[in-house]
Amino acid sequence: MKKLTFLIAIAALLGAGTAYAQQFDLSELDAGDVRAAQYDFRAPAPLADVSEKAAQTGSDLLGLDVNVRVPYKLMKNAVTAMAATESRLTIIDRNAAVVFKYGEFLRISNLKIDQGGIIIIPTLTLKPYFNGTDRLAVRVQRIQLHASMEPSVKAAPPQIDQEQIMVQVMDVLIKGVYSALDAKLKAKNIPLRAQDVVALRYDKAAWTLHAQLSSRIMGHFIPAGLIGDLHLTGFSFSDSGLAIKLQTAN
């Protein structure tokens with residue numbers, strides 16, 4: 001169960017309606033005299049609260065019924081594992097928080113992303129929600145960016161809009177999840193790939209990360225025929241961490 005919690009915590013950590021047309025313009029950054037810039041983007045309000053439509057009562061599920069608490073410290077450990085396998089991702093201050101509750105949202109900060117010499121320090125305000133059995137979604141409500149150039153960058157990159165910046169940030173985070181999970185699975189001699197455990201897909205038009213979880217990994221820890229397939233059937237978060245509900249099907 002601890003191993004499954006670790007995997008779900010990573011998937012839940014990552015994390016919007018059509019983005020504004022406002023541009024994130026890196027063409028004005030000059031390696032010679034402009035070293036940094038601040039940006040603050042907001043996504044528009046969603047068209048509907050899909051979490052309520054997707055919620056399930058769980059009345060048709062029998063067997064094991066488990067509530068798991070995932071503290072934010074464990075999620076930080078997961079990000080540390082990601083940074084160890086994804087060279088573009090760095091935790092800025094090892095003693096500071098990375099994930100924490102921010103009002104009705106989650107916030108991710110204290111990370112640095114290197115995109116070919118362009119250093120991006122994002123602060124993401126996220127709304128994660130349960131999106132149906134074994135499915136989570138994370139909507140980006142807002143992104144604040146601090147961007148700077150390394151001295152080695154000789155020319156500014158072409159203009160990049162905010163949607164593309166979010167694609168780049170999510171690409172680093174998703175690949176970090178997969179590389180960390182692959183390393184974990186290999187260390188445990190489990191013949192699965194990260195994508196077999198959690199499939200991640202980022203919808204740039206909606207600013208939303210989708211995670212599809214699989215119970216296949218449980219077959220390596222629980223004897224066959226002991227319980228039914230274990231599924232994610234609920235999700236919430238509080239000041240202390242994530243609350244995850246797991247149940248077996250018929």
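**View 1. An open sheet of three strands in the predicted model**. The strands follow the order S2-S12-S11, and their pairing is antiparallel. Strand S2 (65-71) and strand S11 (230-237) are the edge strands, each pairing on one side only. On average, neighbouring strands of this sheet are turned by 25° against each other, direction ignored. In general, strands of a sheet pair through backbone hydrogen bonds, in either a parallel or an antiparallel manner.

**View 2. The pairing of S2 with strand S12**. Strand S12 comprises residues 241-248 and pairs with S2 in the antiparallel sense. Seven bridges make up this pairing. Pro71 is found opposite Gly241, a residue of S12.

**View 3. Helix H3 on the sheet**. Helix H3, formed by residues 72-85, lies across S2, S11 and S12. The helix H3 runs at about 70° to S2.

**View 4. The packing of H3 against helix H4**. Two packed helices are described by the angle between their axes and by the distance between the axes. Helix H4 spans residues 162-187 and packs with H3 at an angle of about 90°, the two axes being 8 Å apart. Since angles of 65 to 115 degrees count as roughly perpendicular, H3 and H4 are therefore roughly perpendicular to each other. On the side of H3, the contact is made by Ala81, Met82 and Thr85; H4 contributes Leu173, Gly176, Val177, Ser179, Ala180 and Ala183. Of the residues in this contact of H3 with H4, six are nonpolar and three are polar, with no charged residue.

Notes. Residues numbered from 1 in each chain as written. Predicted model: local features only at pLDDT ≥ 70, side-chain atom pairs only at ≥ 80, totals over all residues. Heavy atoms only, no water. Pairing = 2+ DSSP bridges. Helix = DSSP H or I, 4+ residues; strand = E, 2+ residues; numbered from the N terminus. Axes fitted to C-alpha atoms, helices over the stretch in contact; angles between N-to-C directions. Contact = heavy atoms within 4.5 Å. Parallel < 35°, antiparallel > 145°, perpendicular 65-115°, else oblique. Nonpolar A, V, L, I, M, F, W, Y, C, P; charged D, E, K, R; others polar.
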